[in-house]
Each structure stands twice: as C-alpha cells, then as structure tokens.
Amino acid sequence: MTGLVTSGEKRLVLVSGRAHMELAQQVGEELHCGVSPTTAYDFASGETYVRFNESVRGADVFVLQSHTGEVNKWLMEQLLMIDAAKRASAKRITAVAPYYPYARQDKKHLGREPISARLIADLFKTAGADRVMSVDLHASQEQGFFDGPVDHLWAMPVLVDYVRSRVDLSNVCMVSPDAGRIRVAEKWSAKLGGCPLAFVHKTRDTTRPNVAVANRVVGDVAGKQCVLVDDMIDTAGTISEAVKVVMNAGASSVIVAATHGILSDPAAQRLSECGASEVIVTDTLPIAPEKRFDKLTILPIAPLLARAIREVFDDGSVTSLFDGVA
C-alpha cells in the first residue's frame with residue numbers, strides 16, 4: 001500500500017462573525033468546543049479587518065454568521081473570514097448562515113433584475129467555502145445555487161414541539177399565509193395529527209418592497225385554534241393582515257410561528273396589535289430588546305445547528321436529523 005499514513009486527528013474549529021455572538025457561544029457550548037478567538041474591527045473608512053488568533057491549519061472550520069440589520073456588512077465579514085481560513089490552510093470550510101442573506105431574491109420578477117440569492121452562493125464559493133449550511137431557505141431551489149454540498153436544516157421540529165404544547169390538537173387548523181407555503185403547512189398538519197388546512201389568498205406588488213395584501217381565507221377556520229406558519233417575519237405587514245383576516249373568518253385564536261424573526265420596524269408594534277395570541281420565532285437572528293413584546297416567544301436554534309455541525313464533522317448524515325419530517 002503506497003502513500004503516507006498520519007497519526008493526526010481531525011479537528012473542528014468554530015469561528016463566528018460579530019453579528020450574533022450569543023448564538024455562536026451557545027453552539028460552541030453544545031459542541032463542547034467553544035468559539036475560536038478572532039480579532040475583528042472596522043476601519044474608519046468602513047472596511048472590515050479579521051484575523052484568527054489561533055491556527056486553523058488542517059482543521060474543519062465552520063464560519064458562523066447571522067445576517068441581520070447591516071446585512072451587507074455582516075456578509076462581507078463572513079466572506080473575509082472564509083478567505084482567511086482558506087489562506088490559513090484550513091482543510092474544509094463550511095459557511096454557516098442560519099438566515100441565508102438575500103434569500104427572497106431567488107428569481108427574476110421583472111426584466112433587468114439580479115438573482116441575488118444565486119450571487120451570494122457564488123460569493124461563498126469564490127471566497128473558499130466548500131459547503132453551506134442554512135436553516136429554512138426561502139425557496140428550496142436555492143440549494144442548487146451553490147456548487148457543492150448544502151445542508152438545508154429545518155426548524156420545524158423545534159417549532160412543532162413547542163406549538164403542540166400550546167394548542168388543542170382536536171381543534172387546531174394549519175393556515176398558510178399564502179398559496180406558495182401550502183406544502184409547508186401540509187407538513188405541519190401531518191406533525192400535528194393531520195389537522196385541517198387553510199390558506200390566505202394574497203396579492204403582492206412586485207415593484208414595491210414589503211407590500212402585500214391579504215384578501216380572504218380559503219378553508220374553514222371558524223371556531224378553531226389556527227396556526228399561521230411562515231419562514232420569516234420582516235416588517236410583519238403580511239402576517240399581521242393574515243391574522244386579522246383569519247380572526248375575521250371566525251377563528252377562536254391565532255398563533256404565529258416563523259423561523260426567522262427579522263422584525264424590521266414597525267413589526268413589533270404590528271404583531272403586538274394584530275390579535276395573535278402568541279408569536280413564536282427562533283433565534284437564528286438576534287432580536288434586540290426594543291423589538292421584543294409580551295406575546296413574543298423565542299426558541300433556541302443552537303442545539304439544531306450544533307447537531308448538524310457535528311454530523312458534518314463526523315461525516316455522518318444530516319438528513320437523519322429530520323427523518324419523519326418530510
């Protein structure tokens with residue numbers, strides 16, 4: 001047998017950008033490895049500087065960044081960290097983006113538009129990422145934008161387990177906020193014992209950002225505890241109007257569940273006043289104190305990310321985390 005056999009062991013290194021250090025620390029605790037120290041700061045001109053304080057040579061490096069608020073700044077920081085890892089001779093680099101940046105721009109609605117989500121995948125690849133890990137992509141086809149492995153994690157098990165404890169399973173109805181999310185609502189329905197489905201008929205003006213109109217409910221929601229599920233809540237205009245439409249259709253209560261709580265202003269006010277009994281999100285993105293309100297519940301996503309990172313590091317099966325979900 002030719003070749004050289006080394007006695008060295010595999011090494012996992014978790015590094016994080018500055019956007020959501022709390023999440024990174026929680027993931028590090030779940031992995032029992034901590035977060036590798038880095039130096040990162042901004043020059044007066046706005047340029048970002050990053051450097052790893054420890055060697056990553058030959059390591060399996062996971063670069064975690066939550067793309068919140070100043071999304072372009074945090075995206076650039078993550079790209080620089082990936083480039084630094086590549087130039088420091090990391091063996092394999094995984095870009096961990098719990099909330100995939102520019103995910104909503106996954107196709108052309110009008111002529112002369114970019115497909116921004118595809119560009120982000122190209123940037124990750126060019127920077128040096130070997131694979132990408134994200135939670136609840138806005139559209140499943142985005143997995144094909146990256147030329148390499150993509151670990152598409154689902155927050156559904158986290159959210160469903162909690163929602164199941166908050167509703168009467170004999171009187172619950174799953175509601176999709178639009179026709180495009182019906183497939184997701186069907187999966188939720190199966191996890192909640194095959195409850196009935198409904199959806200909100202919605203129209204959107206593609207020339208205006210964050211503008212959609214909820215028109216009416218298709219399906220019977222009268223007297224039922226309804227669960228409205230979506231992948232993200234940005235300004236909450238759509239989901240708040242959907243709650244009102246469902247309540248006007250006779251629902252006894254409405255719970256809103258979403259993976260990514262972007263919560264751009266005036267989302268907190270809209271959600272607190274729309275009539276929802278509870279709004280549930282995960283902490284894929286940091287949620288500032290001023291964006292929190294009494295009806296908001298934030299579930300931890302770190303255990304899911306840590307389990308997936310461990311499976312990738314051990315060359316295991318990420319799909320096994322979701323057996324029975326699909």
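Tutor: Let us begin with G193, which has a positive phi of about 90 degrees and comes just after α5. The model is a predicted one, in which local features need pLDDT of at least 70 and side-chain atom pairs count only at pLDDT 80 or more, while totals for chains, interfaces and linings use all residues. Residues are numbered from 1 along each chain as its sequence is written, and side-chain values use heavy atoms, with hydrogens and water left out.

Student: Which residues of helix α5 are buried?

Tutor: Helix α5 covers residues 182–191, and its buried residues are A185, K187, W188 and S189. The name "helix" is given to a DSSP run of H or I of at least four residues, and "strand" to a run of E of at least two, both numbered from the N terminus.

Student: Why is S189 called buried?

Tutor: A residue is buried under 20% relative accessible area, exposed over 50%, and partly exposed in between (1.4 Å probe, protein chains only). S189 has 6% relative accessibility and therefore counts as buried. Leaving aside residues up to four places away in sequence, S189 touches M174, G194, C195 and L197, where contact means heavy atoms within 4.5 Å.

Student: What makes D151 buried rather than exposed?

Tutor: D151 is part of strand β7. Its relative accessibility is 7%, so D151 counts as buried. Apart from residues up to four places away in sequence, D151 touches R131, V132, M133, S134, V312 and V318.

Student: Where does H32 lie, and why is H32 counted as exposed?

Tutor: H32 lies in the loop that runs between α1 and β2 (38–42). Its relative accessibility is 75%, and therefore H32 counts as exposed. H32 also has a positive phi, near 60 degrees, in a residue other than glycine.

Student: What makes E29 exposed?

Tutor: E29 sits in helix α1, and its 58% relative accessibility is why E29 counts as exposed. From C-alpha to C-alpha, E29 is 26 Å from K291, and the two are 262 residues apart in sequence.

Student: At what angle do α1 and α8 pack, and why is α1 called oblique to α8?

Tutor: Helix α1 (residues 21–31) and helix α8 (residues 302–313) pack at about 55 degrees, and their axes are 8 Å apart. That angle makes α1 oblique to α8. The cut-offs are under 35 degrees for roughly parallel, over 145 for roughly antiparallel, 65 to 115 for roughly perpendicular, and the rest for oblique. The axes themselves are lines fitted to C-alpha atoms, for helices over the stretch in contact, and angles run from 0 to 180 degrees between N-to-C directions.

Student: Which residues meet where α1 packs on α8?

Tutor: From α1 come L23, Q26, V27, E30 and L31, and they meet A302, P303, L305, A306, I309 and R310 of α8. The residues of this contact of α1 with α8 comprise eight nonpolar, one polar and two charged. Here Ala, Val, Leu, Ile, Met, Phe, Trp, Tyr, Cys and Pro count as nonpolar, Asp, Glu, Lys and Arg as charged, and the others, Gly among them, as polar.

Student: How do you know that α2 and α3 are roughly parallel?

Tutor: The axes of helix α2 (residues 71–87) and helix α3 (residues 116–127) cross at roughly 30 degrees and come within 8 Å. α2 and α3 are therefore roughly parallel to each other. L75, Q78, L79, I82, D83 and K86 of α2 make the contact with I120, L123, F124, T126 and A127 of α3. By class, the contact of α2 with α3 holds seven nonpolar, two polar and two charged residues.

Student: How do you know that the radius of gyration of the protein chain agrees with that of a compact globule?

Tutor: The radius of gyration is taken over C-alpha atoms, and the globule rule is 2.2 Å times the number of residues to the power 0.38. For 326 residues a compact globule would have a value near 20 Å, and the protein chain has 21 Å, which agrees. The C-alpha trace spans about 70 × 45 × 40 Å along its principal axes, and 50% of the 326 residues count as buried.
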